[in-house]
Amino acid sequence: MKFALAVQARAAIHTVKSILIADGDERVAQMFAEVFASHAWHVIRYSDGRLAGDHLRGSAHYDAVLVGYRFEGVDGVDLIKQIRALDHRRDVPIVMVTGIVEVSVMAAALTAGADDVLHKPTDVAIVVATVNNCVGRRGEASGHLMLTTR
């Protein structure tokens with residue numbers, strides 16, 4: 001019984017999902033931030049890939065990361081590699097949204113550890129649904145959504 005109450009309390013505390021959005025185009029980063037905020041996500045955004053990488057080295061919790069491809073001095077694939085190299089970020093879902101339609105970029109992002117890659121332009125509803133699906137899959141794989149006890 002105590003375990004079930006602890007799980008319920010933990011679930012109640014963690015009802016607002018958080019996302020870090022990194023896109024080299026400030027307008028795109030802002031647009032995605034507004035979209036996720038309108039879906040009750042807590043949002044942190046960066047248009048500088050290096051600053052986003054530095055921030056992710058910290059201890060702030062994120063349920064997902066949304067990454068663009070083009071940044072000044074670093075690309076989205078490199079940023080994904082940096083994120084996956086961090087022990088405390090190995091399981092965070094990462095979705096890349098890019099205007100580059102080359103298969104090699106998509107393959108590189110997936111190989112680096114992205115959970116999914118979407119091409120711009122894309123409907124924002126698809127971006128939100130994709131991120132939610134990736135969060136759900138990661139949660140199921142790690143057992144975080146399995147709350148049944150006997």
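## Close-up views of a predicted model

**View 1. Ala 112 sits in helix H5.** This model is predicted. At 13% relative accessibility, Ala 112 is buried, because the cut-off is under 20%. Which residues does Ala 112 contact, leaving aside neighbours within four places in sequence? They are Val 77, Ile 80, Lys 81 and Arg 84. Take Val 77: 35 residues separate Val 77 from Ala 112 in sequence. In space, their C-alpha atoms are 6.4 Å apart.

**View 2. The largest nonpolar core holds 22 residues.** Leu 20, Val 65 and Ile 83 touch the most other members. Six elements are listed here, each giving two or more residues: strand S1 (18–22), helix H3 (49–56), strand S3 (64–67), helix H4 (76–84), strand S4 (94–98) and helix H5 (103–112). Which element gives the largest share? H4 does, with 4 residues.

**View 3. Another core, of 18 residues, lies apart from the largest one.** Its members include Ile 21, Val 28, Ala 33 and Val 95.

**View 4. Ile 83 and the residues it touches.** Residues up to four places away in sequence are not counted. Ile 83 then touches Leu 56, Val 65, Val 67, Arg 89, Val 92 and Ile 94.

Methods. Residues numbered from 1 in each chain as written. Predicted model: local features only at pLDDT ≥ 70, side-chain atom pairs only at ≥ 80, totals over all residues. Heavy atoms only, no water. Core = buried A, V, L, I, M, F, W, Y, C linked by side-chain atoms within 4.5 Å. Buried < 20%, exposed > 50% of the residue type's maximum accessible area, 1.4 Å probe, protein only. Contact = heavy atoms within 4.5 Å.
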